[in-house]
Amino acid sequence: MVQSFEHAIQTQIKQSLKVRAVFAALWQNHNLQCSSDRMGFNPPETNTWHFPGPHLHWDINFNKPLRFATQGLIYLNDVTADGGAFSCVPGFHHQLES
């Protein structure tokens, strides 16, 4: 994690109309308040450097009641459709109680 709070690039991203439109659609609300906790940085993988993981982690507090929250992930270069950091566990949302 990179300790960078309210950097000019973060401000520019938060003011992007395209980025705001995505969050407004997710929240079904245009009255948004943005925050930045910190930034993560992972250099591109090469033959000599591979991402050390973890490959799956939780970005949620499982204390009840569960709250809807969102995060944004901005790539600095193009990734393939199956590249990037998002992982999906099909059907997991049906097993939250257990």
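**Group meeting: a nonpolar surface patch**

Okay, let's start on the surface: Leu56, Trp58, Ile60, Phe62, Leu66, Val89 and Leu96 form a nonpolar patch there, with about 580 Å² of accessible area together. Patch members need over 30% relative accessible area and no salt bridge, with nonpolar side chains (Val, Leu, Ile, Met, Phe, Trp, Tyr) joined within 5 Å and like charges within 9 Å. A salt bridge here is a side-chain nitrogen of Lys or Arg within 4 Å of a carboxyl oxygen of Asp or Glu. Areas are Shrake-Rupley with a 1.4 Å probe, and for residues only the protein chains shown count as cover.

Keep in mind this is a predicted model, where local features need pLDDT of at least 70, side-chain atom pairs need 80 or more, and totals for chains, interfaces and linings use all residues. Numbering runs from 1 along each chain as its sequence is written, and side-chain values use heavy atoms, without hydrogens or water.

Ile60 sits in the segment after helix H2, 17–27. Overall we've got two helices and zero strands, as DSSP runs numbered from the N terminus (helices H or I, at least four residues; strands E, at least two).

Also in the segment after H2 is Pro65, and the Lys64 to Pro65 peptide bond is cis, omega near -5 degrees. Then there's Gln28, not a glycine, yet with a positive phi of about 50 degrees. Is Gln28 buried or exposed? Exposed, at 73% relative accessible area.

Finally, buried residues make up 4% of the 98.

Key: Buried < 20%, exposed > 50% of the residue type's maximum accessible area, 1.4 Å probe, protein only.
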